[in-house]
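Take a look at the chain below. This report walks through its main features, from annotated stretches to single side-chain pairs.

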Amino acid sequence: MADTSRRRRANGEASRAKILDAATEIASERGYEGTSINLVSKRCGLPASSIYWHFADKDDLIAAVIERSFGRWLSAWSVPDDGTPRDRVAEMTMQVAKALLESPDFLRLGLMLALERRPVEPRAREMYLQVRAQAQIQLREAAMDMSPDLDAAALDQLATYAMAGADGLFIAKEIGGDSVDLPALFDLHGRMVIDAALRLAESTRDEDS
């Protein structure tokens with residue numbers, strides 16, 4: 001009985017992953033509006049009833065795609081413990097860039113959804129805004145660790161600046177394709193973030209004196 005239950009659970013998890021893989025491919029090709037349960041069913045080879053067993057509707061499915069991709073991206077980078085602030089930021093930005101190349105779907109789909117306005121916002125957009133807020137918290141904590149002199153307002157400003165720059169570089173990569181060296185641009189962006197942190201710290205000291 002226990003073995004049967006484990007097999008069913010494993011089969012269910014495998015089917016869910018297969019559905020998410022297919023939905024990710026289609027959403028990357030066609031966007032949110034161009035994705036449908038029928039197309040996902042054809043791509044993954046599972047009946048629509050199996051998809052609806054795991055996900056309430058297309059919106060629920062795309063939200064899960066964003067959540068999974070974000071989780072993979074977030075787990076692929078961390079703030080190094082050793083080195084100067086510049087060295088630590090340089091290593092972290094390279095990790096972020098490589099992670100985006102490997103798990104770009106949450107940002108690709110999320111940016112499309114974030115820029116659209118509907119009378120009723122899809123849950124997938126809400127999911128993207130949630131994971132984006134979580135990413136900004138991670139960046140803010142990293143900034144706090146490396147720039148302890150910054151006050152709360154400066155930390156928020158720095159994290160927002162870092163996120164905005166990352167958004168722009170990702171869009172440049174989506175438009176330019178292989179002609180855009182994303183890791184090299186993130187390396188440059190990391191240096192600019194460090195310079196911004198130093199300027200903010202200097203400004204904070206001037207205000208306090």
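UniProt lists residues 36–55 as "DNA-binding region", in an unreviewed entry. The model shown here is predicted. Over residues 36–55 the chain is 75% helix and 0% strand. The end C-alpha atoms of this stretch are 13 Å apart.

**The whole chain**

How many helices and strands does the chain have? It has nine helices and zero strands. Read along the sequence, the pattern is α-α-α-α-α-α-α-α-α. The C-alpha trace spans about 70 × 40 × 35 Å along its principal axes. Of the 209 residues, 43% count as buried.

**The nonpolar core**

In soluble globular proteins, nonpolar side chains tend to be buried together. In this chain, the largest nonpolar core holds 61 residues. L61, I66, W73 and F106 touch the most other members. Several elements give two or more residues to this core, among them helix 1 (2–30), helix 4 (58–75) and helix 6 (105–114). Where does the core lie relative to domain 1 (2–62) and domain 2 (70–208)? Both domains give residues to the core, so it lies between them.

Nine of its ten residues are buried, so helix 6 is largely enclosed by the rest of the structure. F106, L107 and L109 are among the buried residues of helix 6.

L155 lies in helix 8. Is L155 buried or exposed? Its relative accessible area is 3%, so L155 is buried. L155 and D59 are 96 residues apart in sequence and 34 Å apart in space, C-alpha to C-alpha.

**Charged pairs**

Side chains of opposite charge can pair when their charged atoms come close. The count in this model comes to eleven salt bridges. Three of them are listed here.

| Salt bridge | N to O distance | Accessibility of one partner |
|---|---|---|
| R108 and D105 | 3.2 Å | D105: 14%, buried |
| E174 and R108 | 2.8 Å | E174: 39%, partly exposed |
| D167 and R132 | 2.6 Å | D167: 11%, buried |

Residues under 20% relative accessible area count as buried. R108 is at 18%, so it counts as buried. R108 and D105 are three residues apart in helix 6, so about one helical turn separates them.

At 21% relative accessibility, R132 counts as partly exposed. Elsewhere, salt bridges that share partners join E25, E29 and R43 into one network.

Which residues make the nonpolar surface patch of about 290 Å²? They are Y161, L188 and M192. M192 is found in helix 9 (residues 182–208). M192 has 42% relative accessibility, so it counts as partly exposed.

How values were computed:
Residues numbered from 1 in each chain as written. Predicted model: local features only at pLDDT ≥ 70, side-chain atom pairs only at ≥ 80, totals over all residues. Heavy atoms only, no water. Patch = residues over 30% accessible without salt bridge, like charges linked within 9 Å, V, L, I, M, F, W, Y side chains within 5 Å. Areas by Shrake-Rupley, 256 points an atom, 1.4 Å probe, with all protein chains shown as cover. Salt bridge = Lys/Arg side-chain N within 4 Å of Asp/Glu carboxyl O. Helix = DSSP H or I, 4+ residues; strand = E, 2+ residues; numbered from the N terminus. Buried < 20%, exposed > 50% of the residue type's maximum accessible area, 1.4 Å probe, protein only. Core = buried A, V, L, I, M, F, W, Y, C linked by side-chain atoms within 4.5 Å. Domains from an automatic or database assignment. UniProt positions renumbered as here; feature names shortened; annotations may be inferred.
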